[in-house]
Amino acid sequence: DGYDGAFNDGYDDGYYDGYGDGYYGYSKTSSPMAKLAGQVNADIINYSALKKFDSKAALEQGTIVFSGDSGSVDIEKLAALKEKHYLNEMSSQLMGRFGLSYDSASRMATVAHQFNRLAGTRALTDEDASSFTKQLVGFDMGQIENAVKKSMKGESAELKELVKEASGKVGVTPERMNSMITEIFY
């Protein structure tokens, strides 16, 4: 009862509060690039649609067994199971929404999750945004921004090349990458 009544509710509430505060708003940053990267992250994955982790089911299935000591290992196991659950949920969402392979969706979910965790700990910088986009699609935010600006002036060769290379990184065709970009940004 103590576990179910206090720890579980408190852990879930704290997780969701931190998840929402750190991952959605990116309010801890004044960097326009970091805010844009945060928005891209929020557009790629619908965090509010992720199914909640059911720790009671994990206990009933015997996935988590409390030991006689302080229980720190079990709490770490619970946190790891919860993280794995959300990564699987994010991957499934990416596979369903964009038709990605499991490997591509899993990689993108991990990159998004790492960015989210960082966003919850400190103010994000332009370098964080560049690192996020490099890991996600193979290019830093500045390269993408410059290519988009050139494309708006009628010079679209650089943007087409970025889309082609990004499609290889993501594991889709350039045409599918174009439709993903359109769905995310428009």
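Helix axes are lines fitted to C-alpha atoms over the stretch in contact, and the angle between two of them runs from 0 to 180 degrees between N-to-C directions. In this predicted model, that description applies to the pairing of α2 with helix α5 (residues 102-119), whose axes come within 11 Å and cross at roughly 130 degrees. That makes α2 oblique to α5. A second pair, helix α7 (residues 141-152) and helix α8 (residues 157-170), packs at an angle of about 135 degrees, with the axes 7 Å apart.

**α2 and α5**
- The crossing of these two helices, α2 and α5, is left-handed.
- On the α2 side the contact is made by A34, A37, G38 and N41, which meet A112, F115 and N116 in α5.
- Sorted by class, the residues of this contact between α2 and α5 comprise 4 nonpolar and 3 polar, with no charged residues.

**α7 and α8**
- The helices α7 and α8 are therefore oblique to each other, and their crossing is left-handed.
- From α7, the residues Q143, I144, A147, V148, K150 and S151 meet E158, L159 and L162 in α8.
- The residues of this contact of α7 with α8 divide into 5 nonpolar, 2 polar and 2 charged.

**α7 on its own**
- Helix α7 has 12 residues and reaches 17 Å from its first C-alpha to its last, which is close to the 16 Å expected at 1.5 Å a residue.
- Its buried residues are M141, G142 and A147, and what covers the buried residues of α7 includes α2 (32-44), α6 (126-137) and α8.

Key: Residues are numbered from 1 along each chain as its sequence is written. This is a predicted model: local features need pLDDT of at least 70, side-chain atom pairs count only at pLDDT 80 or more; totals for chains, interfaces and linings use all residues. Side-chain values use heavy atoms; hydrogens and water are left out. Helices (H or I, at least four residues) and strands (E, at least two) are DSSP runs, numbered from the N terminus. Angles under 35 degrees count as roughly parallel, over 145 as roughly antiparallel, 65 to 115 as roughly perpendicular and the rest as oblique. A crossing is left-handed if the near helix is turned anticlockwise from the far one by less than a right angle, and right-handed if clockwise. Contact means heavy atoms within 4.5 Å. Ala, Val, Leu, Ile, Met, Phe, Trp, Tyr, Cys and Pro count as nonpolar, Asp, Glu, Lys and Arg as charged, and the others, Gly among them, as polar. The expected span of a helix is 1.5 Å times one less than its number of residues. Buried means under 20% relative accessible area, exposed over 50%, partly exposed in between (1.4 Å probe, protein chains only).
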